[in-house]
Amino acid sequence: MTWLTDARIRRRPIGRERSMRAGWNEYFMGIAQQAATRSTCPRKHVGAVIVRDRTVLSTGYNGSIRGMPHCEDVGCVMEDGHCITTVHAEANAILQAAKNGVSIEGSELYTTASPCWNCFKLIANAGIRRIYYGEFYRDERSREVAQQIGIELIDLRMPSRVSAES
């Protein structure tokens, strides 16, 4: 007998709970949330992850231009109520893929906040076909245009984890 024919299939005993294994959307949004912890703008911490075939291609978070001071260190530069110092998470994820020679055509993007109009345009032209977001962030144009050009926008507002002390 070979090891393969001698192997026994172990089944979960009846009545035992399923594992705490995360589903794919929860898993990838969790990675985006973790990326957001690297954000350097105190106004909004955003993270993004680009995925194809259940494989992470690139991540990004909002932060200053390389070599420039961070908002958290010197303050934000504001125009029309927006910080213009940072490069957004979605743009940084696209740039990281390009910098590393990774094609993102036909991929999906998970982001903790829906993309602003400028990031949406980058996402569309990069060939990303689906955007999962954790909160809707102010720009209705992207919803309208996404529908016209066949990009799916999927709201994944996830409940926050309840601690044992709650």
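**Exercise 1. How many helices and strands does the chain have?**

Solution. Start with the ground rules: this is a predicted model, where local features need pLDDT of at least 70 and side-chain atom pairs count only at pLDDT 80 or more, while totals for chains, interfaces and linings use all residues. Residues are numbered from 1 along each chain as its sequence is written, and side-chain values use heavy atoms, with hydrogens and water left out.

Now count the DSSP runs, numbered from the N terminus: helices are H or I with at least four residues, strands are E with at least two. You get six helices and nine strands.

**Exercise 2. Find the residues that touch the most other members of the largest nonpolar core.**

Solution. Step one is the term: a nonpolar core is a set of buried Ala, Val, Leu, Ile, Met, Phe, Trp, Tyr and Cys residues joined through side-chain atoms within 4.5 Å. Buried means under 20% relative accessible area, exposed over 50%, and partly exposed in between (1.4 Å probe, protein chains only).

Step two: the largest core has 18 residues, and I50, I94, I104 and I128 touch the most other members. The elements giving it two or more residues are β1 (47-52), α4 (89-99) and α5 (117-126). There's also a second, separate core of eight residues, with F28, V51, Y110 and Y132 among them.

Step three: zoom in on I94. Skip its neighbours within four places in sequence, and I94 is in contact (heavy atoms within 4.5 Å) with I50, I104, L122, I123, A126 and I128.

**Exercise 3. Is R143 buried, partly exposed or exposed?**

Solution. First place it: R143 sits in helix α6 (residues 141-149). Its relative accessibility is 33%, so R143 counts as partly exposed. Not counting residues up to four places away in sequence, R143 touches Y133, F136 and L153. As for F120, it lies 23 residues from R143 in sequence and 9.6 Å away in space, C-alpha to C-alpha.
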